[in-house]
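Please keep the sequence and the coordinates at hand while reading.

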Amino acid sequence: MSSPDGHVGAERSLGQLVATATGEMSALVHDEIALAKAQLRQDVKRGAIGGGAFAAAGTVLIFSLPMLSFALAYGIRTWSGWNLAVCFLLSFAANVLVAGVLALIGVVFAKKAKKGKGPQKVAASAKETAAVLGNVKPHPRAVSPAATLDVRVGETGATVARSSS
């Protein structure tokens with residue numbers, strides 16, 4: 001049986017185990033960062049496609065508004081029998097009213113977005129996690145007298161005395 005560092009049949013020292021664990025933790029963190037970057041790229045791509053679709057929908061809607069205005073004006077004329085110019089003015093007023101309501105909604109959401117602290121909360125949480133992980137210490141293990149000295153026979157047949165702590 002071979003160990004990851006190439007020693008065949010030999011037990012690894014505590015320093016080697018710590019070095020291996022540190023290297024594996026570093027690789028794990030790098031892999032996690034790479035995964036987060038890949039997921040972020042995918043989310044940005046999906047967001048861009050969604051934004052493009054909304055922009056196309058908005059463009060179609062903008063070009064269809066004159067048709068809606070004409071239909072509304074002619075509908076008012078048919079319903080009321082008023083002069084066509086008055087009907088077009090009423091259609092224009094309705095469009096201005098809708099635009100004003102949408103502008104107010106936009107202002108409210110812009111103010112809420114400006115007050116948002118999302119990125120600051122994420123950064124504070126990451127700093128807190130890093131501080132907690134930086135202060136982590138291993139739990140002490142209770143050592144029994146029988147476990148202090150361990151006698152093992154290696155593959156070479158030699159008897160080796162080893163401390164378990």
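## Bend in helix 1

The bend at a residue is the angle between two fitted axes, one for the seven residues ending there and one for the seven starting there. In this predicted model, such a kink, of about 35 degrees, lies at Ser64 in helix 1, shortly before the proline Pro66.

Helix 1 covers residues 14-80, which makes 67 residues, and its span from the first C-alpha to the last is 93 Å, close to the 99 Å expected at 1.5 Å a residue. Just after helix 1 comes Gly81, whose phi is positive, at about 80 degrees.

## The chain as a whole

The secondary structure consists of four helices and two strands, and read from the N terminus the order of these elements is α-α-α-α-β-β. The chain has 165 residues, of which 4% count as buried.

Among the contacts with a separation of 6 or more, 9% are between residues 24 or more positions apart.

## Where helix 1 meets helix 2

Which residues of helix 1 are buried? They are Ser69, Ala73 and Ile76, and these buried residues pack against helix 2, which spans 84-115. As a general point, an α-helix has 3.6 residues a turn, so residues three or four places apart point the same way.

Is Ser91 buried or exposed? Ser91 counts as buried because its relative accessible area is 1%, where the cut-off for buried is under 20%. When neighbours within four places in sequence are left aside, the contacts of Ser91 are with Ser69, Leu72 and Ala73.

Gly75 also lies in helix 1, and because its relative accessibility is 35%, Gly75 counts as partly exposed. Although Gly75 and Ser91 are 16 residues apart along the chain, a distance of 9.7 Å separates their C-alpha atoms.

## A nonpolar patch on the surface

A nonpolar patch on the surface is formed by Leu97, Val98, Val101, Leu102, Ile105, Val108 and Phe109, which together have about 680 Å² of accessible area. One of these residues, Leu97, is found in helix 2, and Leu97 counts as exposed because its relative accessible area is 60%, the cut-off for exposed being over 50%.

How values were computed:
Residues are numbered from 1 along each chain as its sequence is written. This is a predicted model: local features need pLDDT of at least 70, side-chain atom pairs count only at pLDDT 80 or more; totals for chains, interfaces and linings use all residues. Side-chain values use heavy atoms; hydrogens and water are left out. The expected span of a helix is 1.5 Å times one less than its number of residues. Buried means under 20% relative accessible area, exposed over 50%, partly exposed in between (1.4 Å probe, protein chains only). Contact means heavy atoms within 4.5 Å. Patches are made of residues with over 30% relative accessible area and no salt bridge: like charges are joined within 9 Å, nonpolar side chains (Val, Leu, Ile, Met, Phe, Trp, Tyr) within 5 Å. Accessible areas come from the Shrake-Rupley method with a 1.4 Å probe; for residues, only the protein chains shown count as cover. A salt bridge is a side-chain nitrogen of Lys or Arg within 4 Å of a carboxyl oxygen of Asp or Glu.
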